[in-house]
Structures are given as structure tokens and as C-alpha cells.
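Look over the sequence and the structure before reading on.

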Amino acid sequence: MRVPLLDLTEQYRLLADQIRAATDEVLARQRFILGPKVEQFEKATAEYCGIAHAVGVSSGTDALLAVLMALVIGLRDAVITTAYSFFATGGCIARVGATPVFIDIDPVTYNISPAALQQYIEKCCHEVEGKLVNQNRQMIRAIIPVHLFGLCCEMNEIMNIARKHNLLVIEDAAQALGAEYPFADGTAKAGTMGGAGCFSFYPSKNLGAAGDAGMVVCSNEQLADRLRICRQHGMEARYQHQFIGGNFRLDELQAAILSVKLPYLDNWSAARREAAKFYTEGFRQAGVEKKIQLPAEPYLKRGLKNHHIYHQYVIGSSDRNELREYLTKREIGTAIYYPLGLHEQECFEYLEYKRGEFPETERAARESLALPIYPEISREAQQYVVGCIAEFFG
Ligand SMILES: Cc1ncc(COP(=O)(O)O)c(C=O)c1O
């Protein structure tokens, strides 16, 4: 049996007529740049997230870049983030001229460890006139927590640390649109807890475009205005450039497609959660739950609808490479997110991190394996995956 890592064809088949109608409307109007569909999708996303402003941009990467540029983060600044993420998270910090500071992850959730973050601040930073400065005399301006695989970071602790040290929080919610986090006094959606939240609509995301697309959400009107200017080369009045931005605009056709899909997102995320439950119960029944690390669900009992949106279902095994090979031979698609920590990337050699510096990140890079998951995956396909994994360990 062939089980691909991801198959979006069934989803498209069900929505094809609506998507064609929406794109036909754009084509008939011939307004491709920042037209009514972008505005409509921005409004719908802001409403979905429960936040005042949403600014459509060209990708999740450009969402991060535009926020850093709009906040004037750059040379002599440092930005703290996780060592275990897609490259864009660290890459964007470096692209604006700032220094990425990596922090190890929590071994259970794969998200940035608040304890390690706290330790870095205590050991390597000091306050100068109310501003946090590190041992390289860079001013720490912001923290970028990444809600990896569709599970929110421990935002209560992260926000407390940020407030204490006057740091901005930019959420990399590229993988987590709709995921919720339980605060003591209520719940909040990914992307709405810090000063700005960045989303990606890369086709394989829970809400995927037919190409690249992204979004920034925020509650601060001035920041939203600045982001709208930033996505047009820092230009408000025509050909008058206030600051350096880029071409970070969300495409009208992508916005039209995404507007059709957004109302289905919660159902799709629920179907992913059901599929995740089926895997987890299947592994328990097959008696392999002690041989593999199963995904953590720390907010499960907190009464949230979207306590996890399972953008990925990731297991851990010290035999990861052999297991992957075994599954590939049985036509089961898998992926490694990510085979290296950001601190181990060649392009970040200049930061002089050493191997062994972030043991949990390095272990995750050695052991993590993403299994096939998408809303329409059949139980038969999942049973086959569970069976093959049990067979491998049996
Ligand atoms: C955690 C994370 N950050 C940023 C991005 C960048 O998004 P995009 O591919 O839309 O540029 C991604 C997308 O893969 C991601 O997973």
C-alpha cells in the first residue's frame, strides 16, 4: 500500500468549483495586486484569530522579514529564537543584519525551552539603562518563539520573561494557524499573544495556498500601518519611500483561493487531530509506545478546541534512520523536520556555536520523524503505517 506523506488532491476535488469561481472572478476583474480579495482575506483572518489587524504578505518568510524591518531591528541588535525550526526563522534575523541567538528546546514538545531562555538571559545578559544587552554588546530586541508542528509554545512563561526584560515577542506561527494556548484567564490563538504573529500559507500548511503566501497579524494599529507600507518597498505616497521595505505583497489570486479554504480550516484541523489520536492509540495497542517518543499534548485537558492542530505528527526514535528506510521500502512517505539544528547550519558558522551546545535540539534532529498526516488520510492507510512500525520494532 502506498501512503504519501501528504495528499491534497481530495481536498481540491471537493473545493474545485468554488476555487475556480473565485479565481475566475479575479481574472475577469484583472486586478491582481492588492485587490478586494486580499482585503477580504485579511479581514477574515483577523476575525478568525480574534485580533484587530491582519496584513497579507507574500510568504511566511516575508512575514517574519517584514515584521523585523518594520520594527527597525537590525545591526547591533540580537534576536532570540529556537535552535530547532525551519531555516527562515533564523535566516530572517540575519538578513536584517541582526544576530540570531539560539536557545535549546524542550525535549517533550520540541518547542523553545522557557527554562533555557531564562538561563541564557541570566548567564549571558545584563541590563543597561533598562535594556537587555548580551556579552557581545548587542541589544536583545525580541524573542521569536516558533509554534512547531502546530503546538503552541509555553507562552505564559515566554511572555513573562519578555515583559520583565522589555522584549518584543514575534510569534512564528507559520505551522500553527488556529492552534490555541491556555492562559490562566482564557485562551488565545497562535500569533495573537505577542506583538506580532507570522503565518505561512505554503501549500502543505494546514491552510495552504496554490503557491506562496503569508500573513502578519497584530493588535497595534501603527505596526499594521507600517507593515502595509513595508510590503510596498516602504512606500506610502506613490514613489515616496519612507524606509526600506520590499515587495512583500500577498497575491490577489492566492487570497481568493485562501478565502475559499479558510472556513474549512477548523474542520481540517479537527480531522488531523482525529488522525493523530488514531496513530497514538494504534501505537499503544501495538505495544510500541515505549519504543518511540509520541507527540506531546500538554494542553489536552485544558478544554481548548484546537489544543494541537497537528500540522505534523512527529515521533522520535533512536533508530530513526533505519526506521525511515524500512518505511520507505514499504512505500510510506516520511520526512525529517529538521535534520540539523540552526546552530549547525554552515551559513551560521560565524556565530561560533559548537556541536553539543544544544543537546535536545541535536537529539531531535537525530531522532524525529514525521509520519503521513492530512485531514483525508484513511484509517486503513494509518493502520498500515502503525503495522509497519510495529513490525520494525517487533
Ligand atoms: C516554522 C516556519 N517558519 C517560517 C516558515 C516560512 O514560511 P514560507 O515557506 O511561507 O516562507 C515556515 C514554512 O515552512 C515554517 O515552517
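Glu344 is buried, at 18% relative accessibility (buried means under 20% relative accessible area, exposed over 50%, partly exposed in between; 1.4 Å probe, protein chains only). The model is predicted: local features need pLDDT of at least 70, side-chain atom pairs count only at pLDDT 80 or more, and totals for chains, interfaces and linings use all residues. Residues are numbered from 1 along each chain as its sequence is written, and side-chain values use heavy atoms, leaving out hydrogens and water.

**Salt bridges**

- The count comes to 14 salt bridges (a side-chain nitrogen of Lys or Arg within 4 Å of a carboxyl oxygen of Asp or Glu).
- Glu344 pairs with Arg355, with the closest N and O atoms 2.9 Å apart.
- Arg355 is exposed, at 65% relative accessibility.
- Arg231 bridges to Glu42, also with closest N and O atoms 2.9 Å apart.
- Arg231 lies in the loop between α7 (221-230) and α8 and Glu42 in helix α2 (residues 36-49), so this pair ties together parts 189 residues apart in sequence (helices, H or I of at least four residues, and strands, E of at least two, are DSSP runs numbered from the N terminus).
- Arg231 is buried at 6% relative accessibility, and Glu42 is buried at 6%.
- Arg29 and Glu252 meet at 3.8 Å, N to O.
- That pair links helix α1 (residues 9-29) to helix α8 (residues 252-261), 223 residues apart.
- Arg29 is partly exposed at 34%, while Glu252 is buried at 0%.

**Ligand site**

- The ligand is surrounded by 15 residues (one heavy atom within 4 Å).
- The closest are Gly60, Thr61, Asp172, Ser200 and Lys205.
- The shell has six nonpolar, seven polar and two charged residues (Ala, Val, Leu, Ile, Met, Phe, Trp, Tyr, Cys and Pro count as nonpolar, Asp, Glu, Lys and Arg as charged, the others, Gly among them, as polar).
- α3 (60-70) and α4 (87-95) each supply at least two shell residues.
- A polar side-chain atom of Ser200 lies 2.7 Å from a ligand oxygen.
- A polar side-chain atom of Lys205 lies 2.8 Å from a ligand oxygen.

**Buried spots**

- His307 sits in the loop between α9 (265-285) and β12.
- His307 is buried, with a relative accessible area of 6%.
- In helix α11 (residues 359-367), Thr361, Glu362, Ala364, Ala365 and Glu367 are buried.
- These residues of α11 pack against β12 (313-316), α10 (320-329) and β13 (368-371) (contact means heavy atoms within 4.5 Å).

Key:
Polar contact = N/O pair within 3.5 Å; in protein donor to acceptor, adjacent residues only side chain to side chain.
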